[in-house]
Amino acid sequence: MAEQHISTRLAVVYPSGMAATLSAFIHFHPRRILAQCGYHSTYEIAKLLGKIGASKDGESSIELITLAEKDKLGKGDVVWVESPYNPTGEVSNLRYYADLAHAAGAVLIVDSTFGPPPLQNPFEQGADVVMHSATKYFGGHSDLLAGVLIAAPGNPELAAELRHERIETGCVLGNMESWLLLRSLRTLTLRVERQSQTAKQLIEWLDDATKSTQLSNQEHDGVPTGILHKVLHSSTQTFDSGKDEFAGFSVEAQMPGGQSPTFSILFETPEIAKQVTQEFELVRHATSLGGVETLIEWRFNVSKMNDPRLIRVSVGLEHIDDLKRDFRSAFQKLTAKLAKADA
């Protein structure tokens, strides 16, 4: 999908994901934004843009609304959906949000950063625009910043307008970053498919260990008790078919190429989550995701919107056995340190 839309000039590239987000909001200039996302900077960008045209008493010109306020949506508004969701890798029903937006005369923009090609194609669910922080999976080597807006097939006029506005605002990607991004796109499918497959194996192993240690109060495959609380991901997500959003919904249908290589782990306490990040040897503790190396991050340190018991895991290209060994060792070392401290 990435190669197809770039070659047909439907993709417009920016110097960062946030630059792409800002450019989308500037172009559509909505009165209201219904945002269903976990990345805190998306809200901050909307608030910043709302200062333009604000009233004398400081009231924003853009109203941020929730799904519960969906009846406020009107013509020209924006529905912004992040799916899979940061930081958990859980998903929303994109078709539901497309129908919701279009019924009100609004547009649906999907942040598909956590679901890059070939995992999903949000245009098949009715998206009008797809955004990627190309810093992540498109770049894939933790060495560039970039963002992409992709217009829906059949709407080259939108892409042309975005390209013109990009020139006027100076949001142009540099030469070196452009070269690095083109280099990375050549291996995008190979990398993402492998990362998704390995993440599936790692999630299944961690989920089994979580349930087993909680039920038996004994270690499972070397994973100690009292560490893991829950694994969060679209593959472990529970969908309430009684809700309109998930009636008839299937993750596999929305993501036929595989599920996100990024997921989260909830630990039993915030202190465990904070300390365990220091116990890994192969896996690195760092911000960002989507690279060839597996990264973990205590997200509460970045945004207080997150549960302090949570760490985000972005699976790279390492062998599954090596990843299991590193996770197992990190859990064991932390358990020993906690036991020593309590002694």
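How many nonpolar, polar and charged residues does the lining of the largest pocket have? The structure examined is a predicted model, in which local features need pLDDT of at least 70 and side-chain atom pairs count only at pLDDT 80 or more, while totals for chains, interfaces and linings use all residues. Residues are numbered from 1 along each chain as its sequence is written, and side-chain values use heavy atoms, with hydrogens and water left out.

The lining of the largest pocket comprises eight nonpolar, nine polar and five charged residues. Here Ala, Val, Leu, Ile, Met, Phe, Trp, Tyr, Cys and Pro count as nonpolar, Asp, Glu, Lys and Arg as charged, and the others, Gly among them, as polar. A pocket is an open set of points, on a 1 Å grid over the protein atoms alone, where a 1.4 Å probe fits, with protein on both sides within 12 Å along at least five of seven lines; lining residues have an atom within 4 Å of a point. Of the 22 lining residues, Met18, Tyr39, Asn86, Ser133 and Lys136 lie nearest the centre of the pocket. Its volume, the space filled by probe spheres set on the points, which are joined across faces, edges and corners, is about 340 Å³.

Strand S4 spans residues 78-82; strands are DSSP runs (E, at least two residues), numbered from the N terminus. Because five of its five residues are buried, S4 is largely enclosed by the rest of the structure. Buried denotes under 20% relative accessible area (1.4 Å probe, protein chains only). In a regular strand the side chains alternate between the two faces of the sheet. Accordingly, Val78, Trp80 and Glu82 point one way from S4, and Val79 and Val81 the other way. S4 runs parallel to strand S2 (residues 32-36), joined by four bridges, with Val78 as the bridge partner of Ile33. Five bridges join S4 to strand S5 (residues 107-111), also in parallel, and Val81 has Val110 as its partner there.

A further open sheet has five strands in the order S8-S9-S12-S11-S10, with mixed pairing; two strands pair if DSSP finds at least two bridges between them. Strands S8 (228-232) and S10 (284-285) are the edge strands, each pairing on one side only. Strand S9 (residues 262-267) pairs with S12 in the antiparallel sense over five bridges, and Ser264 stands opposite Arg312. Ser314 lies in S12 (residues 310-314) and is buried, with a relative accessible area of 1%. The side chain of Ser314 reaches the backbone nitrogen of Gly290 at 2.9 Å.

Technical notes. Buried < 20%, exposed > 50% of the residue type's maximum accessible area, 1.4 Å probe, protein only. Polar contact = N/O pair within 3.5 Å; in protein donor to acceptor, adjacent residues only side chain to side chain.
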